[in-house]
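Student: Could you take me through a close look at a single part of this protein, and show how that part sits among its surroundings? I would like one connected answer.

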Amino acid sequence: MFRFFRIKYVRRRAYTHSRRLYLAHKESARALVSERLTYFNQHYGLPLGKVSIRNQKSRWGSCSKKGNLNFNYKLVFLAPELRDYVIVHEICHVKEFNHGQGFWDLVAQKVPEHRTMRHKLRKVVLDQRQILQTETSRPNFLQPQILQK
Ligand SMILES: [Zn+2]
């Protein structure tokens with residue numbers, strides 16, 4: 001019984017942290033994303049739909065068939081080149097709704113080193129505890145980490 005309540009309490013606290021961080025950074029994420037979207041879409045000139053900033057566990061961004069774009073608020077904690085790669089990636093999905101050669105050629109127009117970016121991004125841990133540390137000790141970017149197996 002005690003165990004059960006304790007698990008519930010820890011989960012609830014984690015949820016509150018997550019929500020608090022999301023609300024604290026949502027608007028700066030929106031401003032940043034919108035600035036970078038405008039910048040890169042001067043090149044691509046694609047019809048972008050609605051843009052949403054979300055609190056997602058495991059995705060940096062996504063694009064719907066209608067061209068609506070979703071981005072994770074945690075982009076604000078990413079190194080600029082990784083964040084730009086995510087943004088270019090989603091812009092390019094408006095034209096190429098797959099990961100075929102055509103898609104990657106499009107991405108390469110603005111991010112020629114996209115393979116490296118993708119590799120680095122996979123190693124970034126989407127962990128809110130890390131964000132909390134980043135916030136308090138060093139208001140800097142999440143760094144790619146070597147994941148332990
Ligand atoms: Zn994709």
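Tutor: Happy to! Let's start with a term: a residue counts as buried if 20 or more other C-beta atoms lie within 10 Å of its own, exposed if 12 or fewer, and partly exposed in between, with C-beta atoms placed from the backbone. Asp-84 is partly exposed because 18 other C-beta atoms lie within 10 Å. Please keep in mind that this is a predicted model: local features need pLDDT of at least 70, side-chain atom pairs count only at pLDDT 80 or more, and totals for chains, interfaces and linings use all residues. Residues are numbered from 1 along each chain as its sequence is written.

Asp-84 has its place in helix 2; helices (H or I, at least four residues) and strands (E, at least two) are DSSP runs, numbered from the N terminus. Leaving out residues up to four places away in sequence, Asp-84 touches Arg-36 and Val-111, where contact means that the C-beta atoms, placed from the backbone, lie within 7 Å. Met-117 is 33 residues from Asp-84 in sequence, and their C-alpha atoms are 9.5 Å apart in space.

Now for the sheet beside this helix. Its 3 strands form an open sheet in the order 1-3-2, with mixed pairing; two strands pair if DSSP finds at least two bridges between them. Strand 1 (51-54) and strand 2 (61-63) are the edge strands, each pairing on one side only. Strand 2 and strand 3 (residues 69-72) run antiparallel and are joined by 3 bridges. Gly-61 has Phe-71 of strand 3 as its bridge partner. Helix 2 (residues 80-95) packs on the sheet, touching strand 2 and strand 3, and its direction makes about 10° with that of strand 2. For that angle, axes are lines fitted to C-alpha atoms, for helices over the stretch in contact, and angles run from 0 to 180 degrees between N-to-C directions.

How values were computed. Two residues are in contact if their C-beta atoms, placed from the backbone, lie within 7 Å.
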